Protein chains: 2
Amino acid sequence: MFSFEIIQQSSATHARAGVMQTAHGPVETPVFMPVGTLGSVKSVTPEELAACGTQIILGNTYHLYLRPGREVIDRFHGLHRFMNWRSPILTDSGGFQVFSLAKLARITAEGVSFQSHIDGSSHLLSPEKAIEIQGWLNADIMMCLDQCTAYPASYDGARQAAEITLEWARRCHAAWKSSGNGHQALFGIVQGGMHPELRRTSAECLAELDFSGYALGGLSVGEPLDRMLNTAAAALPLLPAGKPKYIMGVGRPEDLIDLVCLGADMFDCVLPTRNARNGQLFTARGVITITHAEYRQDPDPPDRACTCYTCRNYSLAYLRHLFLSRELLAYRLNTIHNLHYFVNFVKRIREAILNGEFEIFKKRFYENREI
Amino acid sequence: MFSFEIIQQSSATHARAGVMQTAHGPVETPVFMPVGTLGSVKSVTPEELAACGTQIILGNTYHLYLRPGREVIDRFHGLHRFMNWRSPILTDSGGFQVFSLAKLARITAEGVSFQSHIDGSSHLLSPEKAIEIQGWLNADIMMCLDQCTAYPASYDGARQAAEITLEWARRCHAAWKSSGNGHQALFGIVQGGMHPELRRTSAECLAELDFSGYALGGLSVGEPLDRMLNTAAAALPLLPAGKPKYIMGVGRPEDLIDLVCLGADMFDCVLPTRNARNGQLFTARGVITITHAEYRQDPDPPDRACTCYTCRNYSLAYLRHLFLSRELLAYRLNTIHNLHYFVNFVKRIREAILNGEFEIFKKRFYENREI
């Protein structure tokens with residue numbers, strides 16, 4: 001059921017525009033995917049997501065497995081109806097959170113055992129279990145269980161994690177094939193820290209398995225920008241050209257431009273939502289810190305050219321007042337603006353690729369920066 | 001510019017249905033007014049308020065005077081444009097908050113001096129100043145500065161507060177008349193604790209001044225229900241019959257029914273919004289506590305007959321999950337439902353009065369209670 005078609009390939013770079021078909025409809029790429037950790041993109045409704053141009057959102061397997069859990073989700077035949085989002089959903093595998101959030105994560109032959117960060121209860125996440133959970137979540141795109149390495153990581157540490165990730169990818173692939181969940185896509189994940197040769201090996205081995213798409217995990221974990229780009233540049237060309245390529249957890253608008261140049265098609269990041277709740281607004285001029293005194297009486301919206309609900313209806317002065325007063329509406333209005341910015345930023349990258357104007361787009365992006 | 005017309009008077013009780021005309025449009029009474037303390041009804045947008053059937057909201061003078069303050073509000077020619085709510089606004093006088101929230105409140109000949117609860121800065125709120133602030137807030141309905149007595153209060157304490165309130169009412173009235181703010185209405189406030197004779201005196205003296213409407217303050221401050229109703233029953237008949245009568249800060253649905261019976265036209269209360277944020281949902285069956293385990297897998301909305309956005313789109317199971325996960329969306333979805341319930345509850349009271357079926361409405365209300 002899942003398919004991917006490249007519509008336009010940029011001549012000067014590896015940038016490309018395409019369309020994925022999923023069980024819940026099409027997704028035009030390059031695409032930015034807002035993060036809905038617990039079955040809610042924090043502070044906004046599905047209608048508001050759609051109004052921002054959102055095509056697909058993320059759900060977090062680790063979180064949803066622990067809370068609300070399978071019994072509840074089963075009553076709704078998956079995450080879509082539970083949260084009232086009828087468009088595509090991608091779920092991560094839970095690997096990242098098990099190693100970063102849970103307590104006492106320990107790798108065993110079967111998978112990884114851990115204790116819930118909520119109530120300390122013991123659980124085991126195996127490749128097969130990750131596929132099973134994402135099965136009952138009914139994700140349109142599932143991710144393989146992986147082990148993400150922290151930064152910096154030794155060569156040996158990164159190699160070990162990449163090897164475990166590869167083994168788990170093979171087991172996820174087998175579990176997927178035997179599950180009969182043909183309408184759900186499965187992506188493999190490249191690991192290997194910031195070591196290009198490990199990344200290359202990881203990518204080559206994964207490419208031998210017929211995944212629906214491929215992702216780079218373990219980026220944007222504290223490394224300098226050039227190391228991130230070098231690492232991505234090492235792995236991306238070795239992944240099957242005709243499959244969607246997803247950079248997990250990245251990043252700033254400028255990072256998205258650079259990664260699209262390297263051939264990336266999909267992105268997710270908490271930056272627009274989390275920074276919104278911290279009072280930071282992304283605009284063409286740069287990032288606005290809403291608490292700054294200069295906005296105290298400013299009757300202008302965050303971005304005059306922006307067509308989001310927030311910019312059409314509210315001033316910087318009001319947004320500043322709401323944020324300083326800790327009004328709940330502040331977090332929502334900021335989130336709507338930032339999501340609109342990110343989703344449409346990547347949408348405009350796509351249009352630029354389609355029109356053969358990606359280089360111009362990139363040049364203008366930097367010219368517009370003031371803040 | 002302000003006017004009030006009674007359209008229907010109930011035969012069995014003092015209940016009545018009417019229409020107020022304000023500078024920002026009509027308000028049909030009886031009416032429930034959501035509270036927007038800091039220029040935002042917590043967690044919801046103006047569009048969501050309107051979708052709940054909201055005709056008029058409250059703003060809090062004390063809060064808005066301190067933050068964002070006059071300079072900011074002046075840039076927007078008042079509160080309406082600042083917060084993007086183009087329908088009527090009623091502002092309280094700030095008296096209640098000065099005595100309950102501010103530090104070192106002290107009554108002087110001029111008014112009441114106090115220190116801001118935000119930064120400790122010193123301020124003076126006089127009757128004239130209360131009118132001035134509500135002037136630049138551009139409230140459609142302004143309230144006189146009053147001194148609310150705590151419960152229980154001695155006869156002498158309540159008498160003193162009622163006398164000060166009456167003196168301040170006269171000064172507010174004079175300031176209003178000389179301000180030239182003819183498009184803004186001004187309501188007088190009856191005080192007198194739970195002492196019916198003090199309430200009667202307060203009401204009679206206020207009635208001699210030609211206010212746009214009249215309010216009962218200092219109710220629902222911890223007194224038993226019968227004392228509240230006795231107190232309201234003592235004062236309401238002595239207020240001019242042709243003027244709107246507003247019960248401040250009340251209350252539960254059952255209280256609204258009783259007070260409408262006594263002739264009340266307007267209500268405000270934080271109950272629907274605050275309790276929403278505490279996980280309590282008002283329904284025809286009674287109050288739902290969303291954390292209860294019985295709702296864990298419940299696919300039904302809070303109220304099957306309810307037409308609010310929340311009930312049309314979400315299940316009790318999802319609302320419970322959001323609330324337990326402390327997701328921001330929980331507070332909004334609960335607030336939308338509760339506001340829809342309160343606003344439409346009073347709207348249905350109005351329809352029942354118009355159809356001569358208020359007694360039947362009251363009977364059915366109690367019959368439907370299950371929780």
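B:Tyr341 is buried, with a relative accessible area of 8%, where buried stands for under 20% relative accessible area, exposed for over 50% and partly exposed for what lies in between (1.4 Å probe, protein chains only). B:Phe342 counts as buried too, at 0% relative accessibility.

The model is predicted, so that local features need pLDDT of at least 70 and side-chain atom pairs count only at pLDDT 80 or more, while totals for chains, interfaces and linings use all residues. Residues are numbered from 1 along each chain as its sequence is written, chains are lettered from A in the order in which they are written, and side-chain values use heavy atoms, with hydrogens and water left out.

A search of the whole structure finds 32 aromatic pairs over all chains; rings of Phe, Tyr and Trp (its six-membered ring) pair if their centres lie within 6.5 Å, and planes under 30 degrees apart count as stacked, over 60 as edge-to-face and the rest as tilted. The rings of B:Tyr341 and B:Phe342, with centres 6.0 Å apart and planes at 75 degrees, are therefore an edge-to-face pair. B:Tyr309 and B:Tyr314 are likewise edge-to-face, because their ring centres are 5.6 Å apart and their planes stand at 65 degrees, and both of these tyrosines are buried. In chain A, ring pairs link a cluster made up of A:Phe32, A:Phe282, A:Tyr341, A:Phe342, A:Phe345, A:Phe361, A:Phe365 and A:Tyr366.

The largest nonpolar core has 203 residues, and those with the most contacts inside it are A:Phe358 and B:Phe358; such a core is a set of buried Ala, Val, Leu, Ile, Met, Phe, Trp, Tyr and Cys residues joined through side-chain atoms within 4.5 Å. Apart from neighbours within four places in sequence, A:Phe358 is in contact (heavy atoms within 4.5 Å) with residues including A:Thr13, A:Ile257, A:Cys261 and A:Ile353.

How are the two chains related? Chain B can be laid on chain A with an RMSD of 0.0 Å by a turn of 180 degrees and a shift of 0.0 Å along the axis, which is the relation of a two-fold axis; the superposition is by least squares on the C-alpha atoms of residues with pLDDT of at least 70 in both copies. Among the residues of chain B, B:Leu328 comes closest to this rotation axis, with its C-alpha at 3.8 Å.

Across the interface, 40 residues of chain B are in contact with 40 residues of chain A, and because 100% of the interface residues of chain B are also interface residues in chain A, the copies meet through the same surface. Six salt bridges are counted between chain B and chain A, each a side-chain nitrogen of Lys or Arg within 4 Å of a carboxyl oxygen of Asp or Glu, and one of them joins B:Arg296 to A:Glu71 at 2.8 Å, N to O.
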